[in-house]
Amino acid sequence: MQQPVLVVDFGAQYAQLIARRVREAQVYSEIVPSDMPVSEMLAKNPAAVILSGGPASVYAEGAPQVDEALYTSGVPILGICYGFQSMARALGGTVARTGTSEYGGTELTVRADSTLLAGLPERQSVWMSHGDSVTEAPEGFTVVAATEGAPVAAFENLEARLAGVQYHPEAAHTPHGQAVIRHFLHDIAGIAPSWTNTQIIDEQVAAIRAQVGDRRVLCALSGGVDSSVAAALVHRAVGDQLTCVFVDHGLLREGEAEQVEKDYAQLTGIDVRAVDASDRFLTALEGVSDPEEKRKIIGREFIRTFEAAARDIAAEKDIEFLVQGTLYPDVVESGGGGTASIKSHHNVGGLPEDLRFDLVEPLRNLFKDEVRAIGVELGLPEAMVWRHPFPGPGLGIRIVGEVTRERLDLLRSADAIARAELTAAGLDRSVWQFPVVLLADVRSVGVQGDGRTYGHPVVLRPVTSEDAMTADWSRLPYELLAKISTRITNEVPEINRVVLDVTSKPPGTIEWE
């Protein structure tokens, strides 16, 4: 693994997006919390550090800061928004509330030749979100850009390899933002663009071989892109030492169990064993409505099911390792690396303490789009690589309330209609994910067949995203939404209302639970 660029999270909404932009520049990145001691940051041997934005004011009591020793460590540093102000203040500059706040699109004027803004227009639109401003740059820094509300909107000290911008280059609304990130990484920090699909595959194959040796491996196969790519990586590394177990936990969408059992082994050549554990999972979930408890139960039962599968296979193969398709967003949202916990993912925070396997997680440091690219590179079929993400706990976390067979049947039918109509409209690739959520503990009055009904509502949650860390709701055509709603309320008994979730992430998450 190459030296990481550390993205120091000051509580920004988009620290994960910064990490993604760094990887788009073909440089490996990781997110770390702002209270991580500098000694621990430097122990990671970072190639550079990027200080994220954040909601605080740098001069407020208790505002997050990094130890000033970081600035004299010799590691190249880029400050963004709050991180820019924090750097300026720590190095002797001045930060003040000027009375001119800037939010949204703002015109930036380049004031001097610079490495950070090289080749970019003298006037350009940038995305701002600040009330405080740097009014005086630290000694040794050149002010290279300004806006109406930020007299120091960008600066750099090439000798010290330090730079910063008041605006958000990671945001899509900053057209030249990615160029700024590349200039910092490649031209100021001197990092070669070597984080490529080929390198990722080679590194992971070598790491898997070193971890596993000549021992046997069991893979938790769901049929989704994450577990499929993880299995393909492990298979490339250790070949027939891998056995995949597909668990039908009874929480899958319509037709998925049959598709995985029928198609996967034929497409990949991997040994796949199918286990029907639906009764076990549904029994364990009886009477449970709390989403965190549901996730932990499903995570626990996954492991117990695989342990049982391993015992069954043990006569022919002694299993010591379990492969999981854990992704970097799973780790981040579950509080990995010291970041704030949003929700426990069944394969991270939901694992039992007495786990009998050593985990093999070749995708643990990757975002979803990177996983798709790796899948293509490995030769997996396009239909498998571009399948909409589906959570490990399945429909269990798309039922708000207790999970029962009857409720699962209702949700499967509604979900199948929504997916079929999206496909018929040719919009599969324009939507990142399309959860359909059953509000099982909610009922509403309706009129169907000239009679009063008291049925359940379902929520349509189509979203667009690059990496699942941030998302926006998909603006599907009204005609399509109307057709989905009409079919669901006509064809699915006990569902008499269809609603549309128009919440972005943040503040909402993609899944409701």
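A salt bridge here is a side-chain nitrogen of Lys or Arg within 4 Å of a carboxyl oxygen of Asp or Glu. By that rule aspartate 369 pairs with arginine 20, their closest N and O atoms being 2.5 Å apart. The model is predicted, and a search of the whole structure finds 28 salt bridges. Let's look at some of these pairs, then at a sheet and its helices.

**Salt bridges**

- Aspartate 369 belongs to helix 11 (residues 368-377) and arginine 20 to helix 1 (residues 15-24), so their pairing ties together parts 349 residues apart in sequence.
- Arginine 20 is buried, at 3% relative accessible area, whereas aspartate 369 is partly exposed, at 26%.
- Within helix 13 (residues 405-424), arginine 412 and aspartate 409 sit 3 residues apart, about one turn of the helix; the closest N and O atoms of their salt bridge are 3.4 Å apart.
- Glutamate 421 forms a salt bridge with lysine 483, with 3.6 Å between the closest N and O atoms.
- Because glutamate 421 lies in helix 13 and lysine 483 in helix 14 (residues 478-491), this pair links parts 62 residues apart in sequence.
- Shared partners join Arg20, Arg21, Glu24 and Asp369 into one salt-bridge network.

**The sheet and its helices**

- Five strands form an open sheet with parallel pairing, in the order 12-11-10-13-14.
- Strands 12 (271-276) and 14 (358-360) are at the edges, each with a single partner strand, so one side of each has no neighbour in the sheet.
- The twist from one strand to the next averages 30 degrees.
- Helix 5 (residues 197-212) packs on the sheet, touching strands 10, 13 and 14.
- Helix 6 (residues 225-238) lies across strands 10, 11, 13 and 14, at about 165 degrees to strand 10.

Conventions: Residues numbered from 1 in each chain as written. Predicted model: local features only at pLDDT ≥ 70, side-chain atom pairs only at ≥ 80, totals over all residues. Heavy atoms only, no water. Pairing = 2+ DSSP bridges. Helix = DSSP H or I, 4+ residues; strand = E, 2+ residues; numbered from the N terminus. Axes fitted to C-alpha atoms, helices over the stretch in contact; angles between N-to-C directions. Contact = heavy atoms within 4.5 Å. Buried < 20%, exposed > 50% of the residue type's maximum accessible area, 1.4 Å probe, protein only.
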